[in-house]
Amino acid sequence: MRKNEEWKKKVAYQIYPRSFMDSNGDGTGDLKGITSKLDYLKDLGVDYVWICPVYASPMDDGGYDISDYYSINPMFGTMEDMDELLAEAKKRGIRIIMDLVLNHCSDEHVWFKRALADPDCEEASYFWFRRTDDGNPPNNWRSMFGGSAWEQVPDGRWYLHLFSKKQPDLNWENPKLREKLYEMIRWWLDKGLGGFRIDAITHIKKEPTLASLPPDGPDGMVGCFAPTRNYPGIGDLLTELRENTFDRYDCITVAEAAGVPYDQLGDYIGENGYFSTLFDFTYSELYNHGHTWHTCKKAWEWPISLLRDKMFASQLETQKIGFGAVYFENHDYPRACEKFIPHEYQSPLTQKMLGTLFFFLRGIPFIYQGEELGMTNTVFESIDDVDDISTKNHYRISLADGLTPEEAIKAVNRYSRDNGRVPFPWGPGKNGGFTTGKPWMKPHPRYLEFNAADEAKDPGSVLNYYKKMVALRKSEYPGAQLTLGDIAPLLLDYPDIIAYKRIKDGREVAVVCSFSPCPLSIKADFAPGEVFIANYEKPFEKSGENLVLPPFSAFVCEMTEKC
Ligand code: GLC
């Protein structure tokens, strides 16, 4: 049994530290900047703050390439700044969740440097090195960021990297390496962390023969999911990880656990699961099809009923076993409106509708920085405006496929994860108040429309709507229903509506969201009672037996029997 179940009633917030708040005018967000904004987070009602990696790193992949797990990247400050952040957060009842990257480290980590210098040293066995006779990589696996998953080093050896070539995979078969990682995790937990978000963790076990597989693309390569994602035997590693670390502390663990089939959820997040909870990607990645972005359908060309069905499948399966972690945005995605709402309808109204939909699902909600302001995708005029390695790879593939730079940048604007990584707009001043210097990435061109200072003053803003949603979750009624209650779908006959009810102690609360740009007349089998929150003053009109919802209406209401 997990020691502390209170986290299920909490609200979490994700920070991309490079773009949150710059305290020293160097153009990059930092730890002191986060500390200076803790009152903003407190005011929003946040309990947990997950911070993307701030460890020492050459920043090839936004800090997910760690060169020293025990130190802070000077770009973000010092270990003293980290300790101060932890202490100041604690004073406000906020717990800090750090990102934990265990599948790989940086090629600039001392382990890898030693492994390069001496093939026979202990550290060489911390990685996946292989030699081949024919000058070709050991197999045809494709890395997640495109191209071969193998890189050759000057002495002829190849090493495996499922992500960028500056992120060599760690060899979890080696017990010495595992103990080093556990020691490091305990060191951080001893500092009083609230827990970890655990990166790419389903990839730590590899198919042991590392054999080539039938190609799935014209490049002769094959995606490395089958042989490296949730591969049989991973459970032993994850159990050992948990027992040696998390189980000994009062902390929560949120796994980035793509590829876990529902029939294995119990192993991951059941009563004795490896983690407290996990992110399920099945419904937030509807558009990830095809070999690159320009060949994908636009997100909103997928029917809303597909989102609904995948979302409910996830919710209902998770409910049988444990408690999920829900989100619509994070640092790896464009903004949610880009995924689900056509451009002409993107507005504070639709942002509130999307927020309502995700926020009251069953699971701990993670708000991604800027989502609470209703931020949309930014504008990239050329690839020079982009930092992200995966975006640059997709851009290259588009050009190789014959697209012009103008055509290729369109797909970048739609799908790049840098859309969510632009500087946070704190106010209407220069650079949105993010920095007094030159921001490391161009601010969103529309920050005058959405920024924290102006929205705080506007009762109708997305920010104030989010505050109300947080407060509602924390109320006694309907908070208990909206957090711990069971979930069941509603109004399944309407393909443009996603609706559900949350049920606890015999009381039922409905959450209804319309994706229709036109008014919709619906026949509900319940009568709406008190409306707790809505994106319209009147989110529906009664018309005989029916309710007529205005375009993109969203509301949370008490359910009463129909007479
Ligand atoms: C995770 C992170 C992503 C990173 C990747 C490799 O998916 O969320 O940002 O690029 O792992 O570490």
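Asp30 sits in the loop between strand 1 (12–15) and helix 1 (31–36); helices (H or I, at least four residues) and strands (E, at least two) are DSSP runs, numbered from the N terminus. This is a predicted model, in which local features need pLDDT of at least 70 and side-chain atom pairs count only at pLDDT 80 or more, while totals for chains, interfaces and linings use all residues. Residues are numbered from 1 along each chain as its sequence is written, and side-chain values use heavy atoms, with hydrogens and water left out.

Asp30 is buried but has no salt bridge. Buried stands for under 20% relative accessible area, exposed for over 50%, and partly exposed for anything in between (1.4 Å probe, protein chains only). A salt bridge needs a side-chain nitrogen of Lys or Arg within 4 Å of a carboxyl oxygen of Asp or Glu. For Asp30, the nearest side chain of opposite charge is Lys32, 8.3 Å away; Lys and Arg count as positive and Asp and Glu as negative, with His and the chain ends not counted. What the side chain of Asp30 does have is a polar atom 3.1 Å from the backbone nitrogen of Ser23. A polar contact is a pair of N or O atoms within 3.5 Å; within protein, one must be able to donate a hydrogen and the other to accept it, and residues adjacent in sequence count only if both atoms are side-chain atoms.

On the aromatic side, a search of the whole structure turns up 39 aromatic pairs. Rings of Phe, Tyr and Trp (its six-membered ring) pair if their centres lie within 6.5 Å, and planes under 30 degrees apart count as stacked, over 60 as edge-to-face and the rest as tilted. Phe196 and Phe246 make a tilted pair, 6.3 Å centre to centre with 55 degrees between the planes. This pair links distant parts of the chain, 50 residues apart: Phe196 is in strand 10 (residues 195–199) and Phe246 is in the loop between helix 7 (234–244) and strand 12 (252–256). Both Phe196 and Phe246 are buried.

Tyr345 and Phe552 are also a tilted pair, at 5.3 Å centre to centre and 50 degrees between the planes. Tyr345 counts as partly exposed because its relative accessibility is 31%, whereas Phe552, at 5%, counts as buried. Phe552 also has a positive phi of about 55 degrees although it is not a glycine.

Asn230 is another non-glycine residue with a positive phi, of about 50 degrees. Asn230 lies in the loop between helix 6 (225–228) and helix 7, and its relative accessible area of 10% is why it counts as buried. Elsewhere, Tyr477 and Pro478 are joined by a cis peptide bond, with omega about 10 degrees. Pro478 belongs to the loop between helix 15 (462–474) and helix 16 (479–484).
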